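Here are some notes for a colleague opening this structure for the first time. They move from the whole chain to single residues.

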Amino acid sequence: MVENRSIARPLKRARRTTRVTADLPDFLAFPSPVATASASGKPFRDAVRSFLSSHARLTTAFAPPVLPCLLTWQILFRVGDFMTDSRDPLPVVVALYVVEEDVTRSSRSVYCDQCRVVGWSGHPVCRKRYHFIIRSSDDGINTYKNKSCPSCGSPLHISQSRWCRCCNRELTGDDDNDAQQWEYSQFEDTSHLLHGVVHSNGYGHLLTVNGREGGSNLLSGFHVMNFWDGLCTALSVRKITVMDVSKKYGMEYRLLHAITRGHSWYGNWGYEFGSGSYALTRDAYKRAVDNLSNMPLSAFLFQGRKSRTRFQNIIAFYQSLSCSELSTLKDMFSFMLRLITESHKSSMPKTSKMLESTTNVLCAWTRNDVESLQLAMIKVLMAAAVGSNWVRRRALKGVMCKAASPELLNYCLKHLKGKLAANGKVVDARYNPNHSDIVFRLQPLRTLQHESSLDSNCPSEEHVKGDLKFLLDALLHPEAILTCRPQASRECVIDSATKLLDCKQFVKDYKPCAYNPFAICIWCHLELSDPAKDDPVPPPELILLPLHATVADLKIEATKAFEDVYAMFKRLQVEDLLDYGHVEDNITLKLLVGTTGTVRVQGRCPSKNGLNRFRMERGTEIWTVDCPCGAKDDDGERMLACDTCGVWQHTRCAGIANADAIPAKFVCTKCFNSLNNISVSIPNPAKEARRLSQLDTSCRGPVGDNGAQITTALTVQ
């Protein structure tokens, strides 16, 4: 038998015109009101299919895919009116790839690490996951990175199953394995501008957001988040979590943003506290935010007879630089962030609009008061001109402290640069990062003009970032804020900053619309008729039925919905409608529940034991967490298990620093006390646990060994 294979022709390059891209949806204005209205009232499982069929195209439709468990869809967006920088400018186009992953056929782990650490470990495993990816590179997700045909050298595509389309060479099994590994590696790539995954039940996770600091040439993180938030709304997503490990200017941004704004950066889009590590609660998070935001700066400025520390110098300097009073940590950090932002918005000198006061504080001073005080300052600089010495701002202010009020002194010092002296020289001012202060001296006008590019009586953007990072890091190190008085305030600062860093998980409840004037919208809760002790309780599913639907129709649609969403309900059969007594199947449903509401149904699943591995996202292993901090479940932090009882606890709570290796032998304090019949309480469990970690026992592996890692930040070592 002769096998007939036609050699695929190379695709012609389509002529790119502005007219074609004008028909694409605008990335910056997505979703349109029409797209949002079309998905309103639909469950996610239906809304995502409708969205893909209307806006996307299969990128592997022209050939059998290498991975039958993955379908890749592509949607193109134009980015506003931006044009490319080329001889023939073209509109900027962004590609969104939607990878539909069939979990039951995937070679990856069927379990979701993110679900496990945010409190959704009891959800049954969903049949499908939808990955929404915007790549940072221009080459599409269809092309191997650095992969080509061994025979002709043509780029290979993941859509090519057994043959190279250019030279007709048969690909080997190793080539298929490479394609599979490359495709799955896209789910682990943290360089994507956007990567979000949503399970078929509408619960999902935002894994990656990268703006300009993350490698984007055009889109900012704000643009990407606006797009993602609109996409989730258009798809009737239910809940999305995000693990905030974002950094800005090299700093922990969740700590900085919580102090200045009272919430994480993701809170701008409605993400709220979801779950905290080490058993932290929402109230504890709010108290930590309030404690740090309202901490008075005066608590850090206690000096006594000792010289000022760098921490105190920085605070005092920026207090003097601001025209408004900076009295709390929130005021200080907000002012420093405004200085950084202003440097991006304008090329004017940094003493421009940003530092000008809009208050009426100058109404008590006359021009003569200002000029007289500045003249006196210039005389001091003339007296110190021997050897061209620089005079620090603090020293100059100290000399003139009895001549005027502190407010007038600060104003005159800010505007002293450029003033002419009697000897024809001009006042020069520069920021000295070593002293975190402005320094002054008199220089010839010619020299000042020659070095004008170096002149600045305000710190540069990089210096402000460095000072901000130093202050933020100091909040976590007791030795850096030893001057903080009283001691209770110092302990409160360190404890609150640590708690804010321990709160990484944030969640947004999109509360999808469950109303359709032309249908019955019912939230359906499922209960099994023969439940086992550890059977999962799935979230309710939204069922849409026609207005004349009967109870029998509800049972049929509920069976289809739960079978479609969850892998373990492969042969589910809904049999009873609970809470309404015995009702006939032919009764009109609208007469019982109306057009909206919630119902409970009961069904049986004969094949659930054969699908045991799909029972819960936490996996099939049974493990127990009982940490001294109060944690009762896996929260994503590093843990270790007692080799006697097998109970897990945090390494940090056991007295083991995160930088230290996990000991090879560990026994918890409870087991040690039990083995030695010790009934007295231990005053310091952490130190005792560290001592007990040297006992001769064996060590265990991570919590849930059968769960593959989706992001390394969530790995429990």
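**Notes on the predicted model**

1. Of the 717 residues of the protein chain, 49% count as buried. The model is a predicted one. Its secondary structure comes to 20 helices and 22 strands. The accessible surface of the protein chain is about 35400 Å², and carbon and sulfur atoms account for 51% of that area. Taking contacts between residues at least 6 apart in sequence, 68% join residues at least 24 apart.

2. The largest nonpolar core has 106 residues, and the members that touch the most others are F132, L206, W228, Y271, Y318 and F333. Helix α10 (residues 329-345) supplies the largest share of this core, with eight residues. Which residues does F333 contact, leaving aside its neighbours within four places in sequence? They are L256, I259, T260, L468, L471, L472 and L475. As background, nonpolar side chains in soluble globular proteins tend to be buried together.

3. Strand β9 (residues 239-243) runs antiparallel to β16 and is joined to it by five bridges. Strand β12 (residues 272-275) also pairs with β16 in the antiparallel sense, over three bridges. F506 of β16 is the bridge partner of V242, and F506 is also the bridge partner of F273.

4. T241 is found in strand β9. Is T241 buried or exposed? T241 has a relative accessible area of 4%, so it counts as buried, the cut-off being under 20%. The side chain of T241 makes a polar contact with the side chain of H205, at 2.8 Å. Beyond its neighbours within four places in sequence, T241 is in contact with V118, W120, G204, H205, L206, F506 and V507. Two of the names in that list have come up already: L206 is among the core residues that touch the most other members, and F506 is the bridge partner of V242 in β16.

5. An open sheet of three strands has the order β13-β15-β14, and its pairing is antiparallel. β13 (391-392) and β14 (426-432) stand at the edges with a single partner strand each, so one side of each has no neighbour in the sheet. Two bridges link β13 and β15 in the antiparallel sense, and V391 stands opposite F440 in β15. Helix α11 packs on the sheet and touches β13, β14 and β15. The direction of α11 makes about 75° with that of β15.

6. Helix α13 (residues 406-414) should be read together with the previous point. L408, L409, N410, C412, L413 and K414 are buried in α13. Against what do the buried residues of α13 pack? They pack against α9 (310-321), α11 (367-383), α12 (393-399) and β15 (437-443). Among these, α11 and β15 also touch each other, as part of the packing of α11 on the sheet.

7. A further open sheet has four strands in the order β18-β17-β20-β19, with mixed pairing. Its edge strands are β18 (541-545) and β19 (573-577), and each pairs on one side only. From one strand to the next, the twist averages 45°. Strand β17 (residues 520-528) pairs with β18 in the antiparallel sense over five bridges. I522 stands opposite I543 in β18. In general, strands of a sheet pair through backbone hydrogen bonds, either parallel or antiparallel.

8. L545 lies in strand β18. With a relative accessible area of 3%, L545 is buried, although β18 is an edge strand. Leaving aside its neighbours within four places in sequence, L545 is in contact with A519, I520, D553, L554, E557 and L589. How far apart are L545 and L589 in sequence and in space? They are 44 residues apart in sequence and 9.3 Å apart in space, C-alpha to C-alpha.

Methods:
Residues are numbered from 1 along each chain as its sequence is written. This is a predicted model: local features need pLDDT of at least 70, side-chain atom pairs count only at pLDDT 80 or more; totals for chains, interfaces and linings use all residues. Side-chain values use heavy atoms; hydrogens and water are left out. Two strands pair if DSSP finds at least two bridges between them. Buried means under 20% relative accessible area, exposed over 50%, partly exposed in between (1.4 Å probe, protein chains only). Contact means heavy atoms within 4.5 Å. Axes are lines fitted to C-alpha atoms, for helices over the stretch in contact, and angles run from 0 to 180 degrees between N-to-C directions. A nonpolar core is a set of buried Ala, Val, Leu, Ile, Met, Phe, Trp, Tyr and Cys residues joined through side-chain atoms within 4.5 Å. Accessible areas come from the Shrake-Rupley method with a 1.4 Å probe; for residues, only the protein chains shown count as cover. A polar contact is a pair of N or O atoms within 3.5 Å; within protein, one must be able to donate a hydrogen and the other to accept it, and residues adjacent in sequence count only if both atoms are side-chain atoms.
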